[in-house]
Amino acid sequence: MKDKIRTLLAKVEAFDAGSLEEAEAFRVKMLSKKGAIPALFQDFKSVDPAGRKEIGKQLNALKQTASDKVNAIKKRLEAEAESRKQTTQGPDMSTPANFSPIGSRHPLSVVRNRINRIFQNIGFVISEGPEIEDDWHNFSALNFPEEHPARDMQDTFFVEKNPDIALRTHTSSVQVRVMESQQPPIRTISPGRVFRNEAISARAHCIFHQVEGLYIDKGVSFADMKQCLLYFAREMFGEKTQIRLRPSFFPFTEPSAEMDVSCNICGGPGCPICKYSGWIEVMGCGMVDPNVLDNCGIDSKKYSGYAFGMGIERIAMNIYQIKDLRMFFENDLRFLRQFESAW
Ligand code: DAH
């Protein structure tokens with residue numbers, strides 16, 4: 001009996017398990033009803049009474065050691081499994097992502113970026129100028145004579161009652177700055193914000209946006225301008241678009257024209273958008289007046305060029321069928337969210 005106890009005790013002491021299943025199997029083998037230790041308790045009944053006390057002690061000690069050992073091993077294995085779970089847990093890639101709404105571009109930015117890209121694709125570069133301008137760059141260099149009524153075409157915001165400094169009324173001021181600092185060939189477009197002292201309504205605002213274009217080189221003709229603007233109109237409004245040039249007046253171009261595009265809604269016969277004319281006015285343009293070239297240090301006997309200027313709001317209103325200009329400035333998210341675009 002004593003030998004059996006010793007052998008089992010040695011087995012218990014030597015035992016270790018790599019898994020909970022192994023530990024449980026050992027427990028069953030040793031401690032369950034039909035296990036080796038309860039079997040010894042059965043045998044104990046036949047032990048001679050003189051040895052009972054000591055053997056009983058040894059048996060109890062064996063049972064205690066075995067169950068302590070199995071419990072300790074199980075506890076350790078469980079703790080190891082828990083810590084493994086924590087370090088390998090990481091993010092669960094199968095859980096649905098949180099929805100975080102992304103913004104959308106402002107429709108004026110979408111349209112401006114498209115205009116920029118159309119001209120960049122044929123070699124125009126972007127140039128920018130200040131929003132606070134002096135009289136020279138906004139008016140005088142552009143051939144607006146002093147006290148000439150042409151200045152009244154654009155109601156001006158002056159800065160601190162200084163008649164020489166104003167918020168630019170058009171992006172044509174950037175033409176002057178480009179020509180003053182570069183010699184031809186010049187191919188540039190200038191997008192930007194402009195300001196006019198006008199009452200705010202569905203069709204007018206005191207702040208709006210323009211893109212100015214300028215091309216100067218040797219032998220540039222009115223036909224070159226027409227072809228460039230036809231290309232623009234078709235890229236912008238669709239390949240079937242037609243253009244029409246109507247004579248107009250601007251102090252800085254001679255001859256000057258107003259360009260219309262065929263109505264992209266009805267395609268010509270007339271609809272409420274084009275006010276039943278079949279045409280939509282898009283921009284002013286013309287051959288740069290030789291006086292302007294000379295004012296800006298470019299020899300008008302050697303060079304000629306064309307310029308054009310368009311309002312971004314007007315084009316955006318047309319493309320998106322927006323009836324009220326003020327919507328561009330109210331920043332109502334229900335309006336803005338309709339313009340998700342890669343541009
Ligand atoms: N600056 C003009 C305006 O704001 C638009 C314009 C017309 C620009 C004709 C030009 C041009 O360069 O040639 O109304």
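## A tour from domain to domain

Start with the whole chain in view: the C-alpha centres of domain 1 and domain 2 lie 93 Å apart. Domain 1 covers 2–89 and domain 2 covers 107–339, with bounds that come from an automatic or database domain assignment. This is a predicted model, in which local features need pLDDT of at least 70 and side-chain atom pairs count only at pLDDT 80 or more, while totals for chains, interfaces and linings use all residues. Residues are numbered from 1 along each chain as its sequence is written, and side-chain values use heavy atoms, with hydrogens and water left out.

**The whole chain**

Switch to a cartoon and you have 12 helices and 10 strands to look at; helices (H or I, at least four residues) and strands (E, at least two) are DSSP runs, numbered from the N terminus. The radius of gyration is 44 Å, well over the 20 Å that the globule rule gives for 343 residues, so the protein chain is more spread out than a compact globule. That radius is taken over C-alpha atoms, and the rule is 2.2 Å times the number of residues to the power 0.38. Along its principal axes, the C-alpha trace spans about 135 × 45 × 40 Å. Of the 343 residues, 42% are buried (under 20% relative accessible area; exposed is over 50%, partly exposed in between; 1.4 Å probe, protein chains only).

**Stop one: helix α3**

Select residues 36–44, which make up helix α3, and show the side chains of its buried residues I37, L40 and F44. They cover an arc of only 50 degrees around the axis, which puts them on the same side of α3; the arc is that of the directions from the helix axis to the C-beta atoms.

**Stop two: a three-stranded sheet**

Next, find the open sheet with strand order β2-β4-β3 and antiparallel pairing. Two strands pair if DSSP finds at least two bridges between them. β2 (132–134) and β3 (158–159) stand at the edges with a single partner strand each, so one side of each has no neighbour in the sheet. Three bridges join β2 to β4 (residues 162–167), and E133 has A166 in β4 as its bridge partner.

F157 is partly exposed, at 26% relative accessible area. Its contacts (heavy atoms within 4.5 Å) include A166, L167 and F195, not counting residues up to four places away in sequence. F157 and L167 are 10 residues apart in sequence, yet 5.7 Å apart in space, C-alpha to C-alpha.

**Stop three: strand β10**

Jump to residues 304–311, strand β10, where six of the eight residues are buried. Eight bridges join β10 to the antiparallel strand β6 (residues 207–217), with G213 partnered by F308. Five bridges join β10 to β9 (residues 279–288), also antiparallel; here M283 stands opposite M310.

**Last stop: T241**

Finally, select T241 in the loop between α8 (222–237) and β7 (243–250). At 4% relative accessibility, T241 counts as buried. Its side chain reaches the backbone oxygen of G238 at 2.6 Å. Leaving out residues up to four places away in sequence, T241 touches L230, A233, R234, V261 and S262.

Definitions and conventions:
A polar contact is a pair of N or O atoms within 3.5 Å; within protein, one must be able to donate a hydrogen and the other to accept it, and residues adjacent in sequence count only if both atoms are side-chain atoms.
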